[in-house]
Amino acid sequence: MSLFDLEDLVEDIGIPGVLIGVGAVVLAPIFGPALAKAGKPVAKAAIKGGIVFYEKSKIVMAEAGEAFGDLVAQSKAELATELDENSIVQVSNHPETN
């Protein structure tokens, strides 16, 4: 059994698939340069868009991280205040102080 079995390939993708593949191989030298020339601006635009998205997402993530940090700090401060109030109440209800 070989690594590449043509019969299995034809059964998997069918005759039309094989014909399309052969046609693409034959026509690639003819249409390849034209597609490469047309594809370059598209690829550059996609890369530029990716860079802009990356930079904007860095800013958004930094702002979200800062907001989350602020919420954590506020929650800790409120928790500390609540714990201090509860400890004061517990100390004033202590039996030795009455």
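Author: A residue is called buried under 20% relative accessible area, exposed over 50%, and partly exposed in between. The model discussed here is predicted.

Reader: What makes E55 partly exposed?

Author: E55 has 38% relative accessibility. That value lies between the cut-offs of 20% and 50%, so the residue counts as partly exposed.

Reader: Why is the contact of K58 and E55 called a salt bridge?

Author: The rule asks for a side-chain nitrogen of Lys or Arg within 4 Å of a carboxyl oxygen of Asp or Glu. The N to O distance between the side chains of K58 and E55 is 3.7 Å, which is within 4 Å, and therefore the pair qualifies. By this rule the count comes to one salt bridge.

Reader: How are K58 and E55 placed along helix 1?

Author: The two residues are three apart in helix 1, which covers residues 6-92, so about one helical turn separates them. The protein chain has one helix and zero strands.

Reader: How do you know that I30 is exposed?

Author: I30, found in helix 1, has a relative accessible area of 57%. Because this is over 50%, I30 is exposed. I30 also belongs to a nonpolar surface patch with V22, V26, L27, F31 and L35. Together, these residues have about 610 Å² of accessible area.

Reader: What makes E78 exposed, and in which patch does E78 lie?

Author: E78 is in helix 1. Its relative accessibility is 53%, over the 50% cut-off, so E78 counts as exposed. E78 gathers with E82, D84 and E85 in a patch of negative charge on the surface.

Reader: What share of the protein chain counts as buried?

Author: Of its 98 residues, 1% count as buried. The chain exposes about 8800 Å², of which carbon and sulfur atoms supply 70%.

Definitions and conventions:
Residues are numbered from 1 along each chain as its sequence is written. This is a predicted model: local features need pLDDT of at least 70, side-chain atom pairs count only at pLDDT 80 or more; totals for chains, interfaces and linings use all residues. Side-chain values use heavy atoms; hydrogens and water are left out. Helices (H or I, at least four residues) and strands (E, at least two) are DSSP runs, numbered from the N terminus. Buried means under 20% relative accessible area, exposed over 50%, partly exposed in between (1.4 Å probe, protein chains only). Accessible areas come from the Shrake-Rupley method with a 1.4 Å probe; for residues, only the protein chains shown count as cover. Patches are made of residues with over 30% relative accessible area and no salt bridge: like charges are joined within 9 Å, nonpolar side chains (Val, Leu, Ile, Met, Phe, Trp, Tyr) within 5 Å. Lys and Arg count as positive and Asp and Glu as negative; His and the chain ends are not counted. The place of a charge is taken as NZ of Lys, CZ of Arg, CG of Asp or CD of Glu.
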